[in-house]
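Here is a walk through a structure with an eye on how its pieces meet. Have the sequence and the 3D view open as you read.

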Number of protein chains: 2
Amino acid sequence: MALFGWNREAERVKASTVGGVDLGGTKIAAAVVGPDDSILGSSRRPTPTKGGPAHVAIAVAETMREAAVAAGVGTADLGGVGVGFPGSVDRATGIASRAGNLPDWGGDFELGSFLEAEFGTKVRLGNDVQVGTMAEYRLGAGSGFDSVLGVFWGTGVGGGLILGGSPWLGRGRAGEIGHTLVRRGGARGPNGLRGTVEAYAGRKAMEVKARKEVAKGRKTILFDLMKEKEKASLTSSVWAKAWRKEDELARDLLNRAVVALSAGIGSAVNLLDPEVVVIGGGLGVRFADTLVPKVIEGTGKFLLEPENPPVMAVASLGDDGGVLGASLLVR
Amino acid sequence: MALFGWNREAERVKASTVGGVDLGGTKIAAAVVGPDDSILGSSRRPTPTKGGPAHVAIAVAETMREAAVAAGVGTADLGGVGVGFPGSVDRATGIASRAGNLPDWGGDFELGSFLEAEFGTKVRLGNDVQVGTMAEYRLGAGSGFDSVLGVFWGTGVGGGLILGGSPWLGRGRAGEIGHTLVRRGGARGPNGLRGTVEAYAGRKAMEVKARKEVAKGRKTILFDLMKEKEKASLTSSVWAKAWRKEDELARDLLNRAVVALSAGIGSAVNLLDPEVVVIGGGLGVRFADTLVPKVIEGTGKFLLEPENPPVMAVASLGDDGGVLGASLLVR
């Protein structure tokens, strides 16, 4: 009886040790997460910049396997693996599509079934931003609140919604605060929409703008830092270092991003009136003490009731929010 | 037994015959509504333009009493009276506050208890736009859908949300699509916020702009029509007549309003991804066949997925949506 009880407990613990993958436009992060939501092992690598969905999917599988090795388990021993994907997902079929920030991933790819075969355990997909918002709601800066607007400032600008304690997905694509308007007819974003939050504040759009300014003859250390750090693009850490070194172009573009974020968050708060706004993402985490307070202060200017703002907080799970949120998909 | 049964049935019918009041910035409409949601008697009068909350509350009471007379009942015979209020309401206390489009109603007024004493039956308050959205969801163009964005284009531009079959109120003030941004740093709206949907499309803001243009020497028949119709302001019917008569200033301002509405609705759809958008309000109803189709067409330009728009429809209850929605507050 004692042994039987022990086995059942071991089974329960095994089932509740799961994997989480955060598939981003710049990096893939994977972790093995214990039953108490602690990270038992992790791994990360850059997201392939070419090769299409299959190439990216193989990199996802390898990153997860490395995390499993670090945790001393096999992927088949995991109760499941959740994957946060930067595009649309069909939870029922495991098909992942329309990821503008991944190489050649405009169409559909059966990511779920591919990874289930690789891992030997069940795989569940979620939108990366919705997954990150759920992590902050359950384990981070949004815990204890009933309604959360999550804003993820990184390669793009994503948003996730928890309303009345449940994720609000709309017809599957809700939360796109990055594609709300700031300035009609303004800057063109990566997907062609003009004047959106992302067209000013997304890291991808900011890099395009920085390259244009350099082509016009403007000086910046941004691209020197990129080469120094052996990066293929202007990562969050490159922007953070350029900010610290008071690079004028970096400061101008980041300040422009701050105003766009404030305006977009203000509009969203007027529409949804949430209890808390949580700001995360690669840039959000790195600028938690410098620019995010400016975003929060700036939001007041766009509120219908500036005297009654929601709580506004930095994502408290930092870079781990993505993998922890993904792991919740298989709990 | 038969008599007893008849009495119980009479009680049931009486209880389910209720009153609904739509208190707007321009007019007060009241109706007695039967158990099958049919209007048994109605009345309307202009909203007082001065005198403060008490004066407006007396006008509300008189309008409701006239509707009761028209229906052949006394207000005390009604199962209750619901009131749609153009500002904030506290449902528990019956306090109505912050109605920017009512005269001197910036503070609190105990509208609920005042009207209960006047009517001799229970009174429940709701925000006018939320009430109108509920009416379209339960009885109109939004019926059969699970998520509705209601857009009410009138004195201001209000919005109401039904998400997952329930009203979404946030911390009490959700739905303010009129105060989402269209153009940062753009036109100043009645409440001081710049570049919002309402600053371009609200009838109040449009009238201010029209007066400025006239002061600059621009010609228009708008104010002649206003005098002809013996109105104190540019009502929806004045705007509609000026449009039909191809008044250039009216056309310019209405076309500007259409673009602002399209942009604001586009942003809101990107954020919330609802199944249906219902467009109503005084101007929405009067321009159902002319400008609302342009709003719907224009929204596509601001959508993240223009190939996958929500259903977009004109409010089907027309001017009755306000009183019918208010009556649902006491069902």
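What follows goes from the pairing of the chains to the domains and then to the helix packing.

## Two copies and an axis

Keep in mind that this is a predicted model. Start with how the two chains relate. Turn chain A by 180 degrees, with a shift of 0.0 Å along the axis, and it lands on chain B with an RMSD of 0.1 Å. The two copies are therefore related as by a two-fold rotation axis.

If you want a landmark for that axis, look for R183(A). Of the residues of chain A, R183(A) comes closest to the rotation axis, with its C-alpha at 2.1 Å.

## Where the chains touch

Do the copies use the same surface or different ones? They meet through the same surface, because 100% of the interface residues of chain A are also interface residues in chain B.

## Domains within chain A

Now zoom in on one chain.

The contact between them draws 10 residues from domain 1 of chain A and 20 residues from domain 2 of chain A. On the domain 1 side, the largest share comes from helix 4 (residues 128-139) of chain A, with three residues. By class, the side of domain 1 of chain A that touches domain 2 has one nonpolar, eight polar and one charged residues.

## Helix 8 against helix 9

What angle do helix 8 (residues 236-244) and helix 9 of chain A make where they pack? The angle is about 115 degrees, and the axes are 8 Å apart. Helix 8 and helix 9 of chain A are therefore roughly perpendicular to each other, and their crossing is left-handed.

From helix 8 of chain A, the contact uses W239(A), A242(A) and W243(A), while helix 9 of chain A answers with A250(A), R251(A) and L254(A). Split by class, the residues of this contact of helix 8 with helix 9 of chain A are five nonpolar, no polar and one charged.

## Helix 9 against helix 11, in both chains

Helix 9 of chain A also packs with helix 11 (residues 292-299) of chain A: their axes come within 8 Å and cross at roughly 45 degrees. Helix 9 and helix 11 of chain A are therefore oblique to each other. Is this crossing left-handed or right-handed? For helix 9 and helix 11 of chain A, the crossing is right-handed. Helix 9 of chain A contributes V258(A), V259(A), L261(A), S262(A), I265(A) and G266(A), and helix 11 of chain A contributes K294(A), V295(A), G298(A) and T299(A). The residues of this contact in chain A come out as five nonpolar, four polar and one charged.

Over in chain B, helix 9 (residues 248-272) and helix 11 (residues 292-299) pack at about 45 degrees, with axes 8 Å apart. That makes helix 9 of chain B oblique to helix 11 of chain B, and the crossing is right-handed. Among the residues that meet are I265(B) and G266(B) in helix 9 of chain B and G298(B) and T299(B) in helix 11 of chain B. By class, the residues of this contact in chain B are five nonpolar, four polar and one charged.

Definitions and conventions: Residues are numbered from 1 along each chain as its sequence is written. Chains are lettered from A and ligands numbered from 1 in the order in which they are written. This is a predicted model: local features need pLDDT of at least 70, side-chain atom pairs count only at pLDDT 80 or more; totals for chains, interfaces and linings use all residues. Copies are superposed by least squares on the C-alpha atoms of residues with pLDDT of at least 70 in both. Two residues are in contact if their C-beta atoms, placed from the backbone, lie within 7 Å. Axes are lines fitted to C-alpha atoms, for helices over the stretch in contact, and angles run from 0 to 180 degrees between N-to-C directions. Helices (H or I, at least four residues) and strands (E, at least two) are DSSP runs, numbered from the N terminus. Angles under 35 degrees count as roughly parallel, over 145 as roughly antiparallel, 65 to 115 as roughly perpendicular and the rest as oblique. A crossing is left-handed if the near helix is turned anticlockwise from the far one by less than a right angle, and right-handed if clockwise. Ala, Val, Leu, Ile, Met, Phe, Trp, Tyr, Cys and Pro count as nonpolar, Asp, Glu, Lys and Arg as charged, and the others, Gly among them, as polar.
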